[in-house]
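Welcome! Here is a structure to look through together, one question at a time.

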Amino acid sequence: MVSSPIQNVRGFGDVLPSEGPAWAFVEQTFRRELERYGYAEVRLPIVEKTELFSRAIGEVTDIVEKEMYTFIDRNGDSLTLRPEGTAGCVRAALQRGLLHNAQPRLWYSGPMFRHERPQKGRYRQFHQVGAEAFGVPGPDIDAELILLSGRILRALGVRDLRLEINSLGTQAARQRYREALIEHFQAHSSTLDDDAQRRLHSNPLRVLDSKNPAMASVIEAAPDLADYLDEESQTHFQSLCDMLDGAGQSYRVNTRLVRGLDYYGGTVFEWISADLGAQGTVLAGGRYDVLVEMIGGRPTPAIGFAAGLERLVALVEAANSAPSAPAPDAALVISDDSLQSDTLALAERLRDELPWLHLQMPLGGGSMKSQLRRANRSGAAVALIRGAEEAAAETISVKYLRDDLEQETVAIGELPKILSALQANRTGQY
Ligand code: ATP
Ligand code: MG
């Protein structure tokens, strides 16, 4: 009996070779720009204690209530595949003493896990790049982080993104706002869905974040957080707006922007694409001045963002803005298998001598005709042909696959010079 092939787990995708260049472009762009602003890379574990997330993200949030991959390991400990990176980053920064008399700026990249309904732009394993800046209380770091995120998105060549910003105020301001919200939603309790009913008293701000279209109008009519902001938050937010104006960064103030995690307070922002439908947010962040203390450290102001790479890769592919993978400079072709061994050695010598050389061997052999066909398809500029004659005479035949030039037979020692000239010519064409 032939068994059926095993499939992937739903929502856990593969990145295929055709998507490789766009992924590399996105990741390299984040790394380059983050380093220019002084962010240092940290690599964090994928598994943390469940308690870290329930404490940091909040018990009454989508993530903690229904999206976490939580399991009991063989020791009986409750562990969770990270649904986001900030909590683990704060945990590591505290535990390793990085916050001691320092204002670190950290970034990381990797897979996150949420048990959501898979659809375009929403997966169960997805990837984020996150950046976190600790110890700076003022609006200057908010502005710089937003400008940095804008610079990255521009460098990626993705267009039609809008920046939305808001201030969630202090905890005291949100407390007053909560009461007004509860009153408003109670007056419309028949239109609230089950989630909203349940959260009405425990976490009414979450109701604003609902994506249920049936609740859109009651959310629209809700009181405005801006009317409850404390003076300090107002001043902070106004300075942020002034700094963005001064730097020529356009934005829209969206007083309904609340973010889905409890640790946010003060400045929040999102970059939203018009081209991705409901899954339009590609990069989102904000201040979380209370989180370090919640995880057991001293009060430490902090702000960060996380970008969803699948959504950005989709936009990069649509905009065709990633450089394509380079074609090989040369492909070797041999007339029979007895030449394999010293052709392999020749290829290694060429790679030693020309560190930039992208050289393809005829692995798997076949007739010269099929090797040449493969060389052609690979996009290689030249085929380097070794037949019995060439092998005996220590020469090699250079067949130009892209240029209208005669095939020539040269001494093997001449090859580095010829390949270098070819390379100089090709880079000159860009
Ligand atoms: P959304 O409102 O789209 O559910 P969120 O508020 O849950 O987003 P964050 O926790 O702020 O998202 O994560 C930051 C970014 O990570 C999102 O803006 C998005 O680009 C990406 N992201 C979040 N969840 C997923 C997912 N399940 N699949 C793919 N990307 C995701
Ligand atoms: Mg979500």
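**A first look around the ligand**

Author: Arginine 259 counts as buried, at 12% relative accessibility; buried means under 20% relative accessible area, exposed over 50% and partly exposed in between (1.4 Å probe, protein chains only). This is a predicted model, where local features need pLDDT of at least 70, side-chain atom pairs count only at pLDDT 80 or more, and totals for chains, interfaces and linings use all residues. Residues are numbered from 1 along each chain as its sequence is written, chains are lettered from A and ligands numbered from 1 in the order in which they are written, and side-chain values use heavy atoms, with hydrogens and water left out.

Reader: Where does arginine 259 lie?

Author: Strands here are DSSP runs (E, at least two residues) and helices are runs of H or I (at least four residues), both numbered from the N terminus. Arginine 259 lies in the loop between strand 8 (252-253) and strand 9 (267-273).

Reader: How far is a polar side-chain atom of arginine 259 from an oxygen atom of ligand 1?

Author: A polar contact is a pair of N or O atoms within 3.5 Å; within protein, one must be able to donate a hydrogen and the other to accept it, and residues adjacent in sequence count only if both atoms are side-chain atoms. Arginine 114 has a side-chain N or O atom 2.7 Å from an oxygen atom of ligand 1, and for arginine 311 the distance from a polar side-chain atom to a ligand oxygen is 3.2 Å. For arginine 259, that distance is 2.5 Å.

Reader: How much of ligand 1 does the protein bury?

Author: Accessible areas come from the Shrake-Rupley method with a 1.4 Å probe; for residues, only the protein chains shown count as cover. Taken alone, ligand 1 exposes 580 Å². Of that area, the protein buries 92%.

Reader: Is glycine 85 buried or exposed, and why?

Author: Glycine 85 sits in the loop between strand 4 (78-81) and helix 4 (86-95), and the UniProt annotation "binding site", from an unreviewed entry, includes Gly85. Such annotations may be inferred rather than shown by experiment; feature names are shortened and positions follow the numbering used here. Because its relative accessible area is 5%, glycine 85 is buried.

Reader: How many of the ten residues of helix 4 are buried?

Author: Among the buried residues of helix 4 are Thr86, Cys89 and Arg91. Helix 4 is mostly covered, and its buried count is eight.
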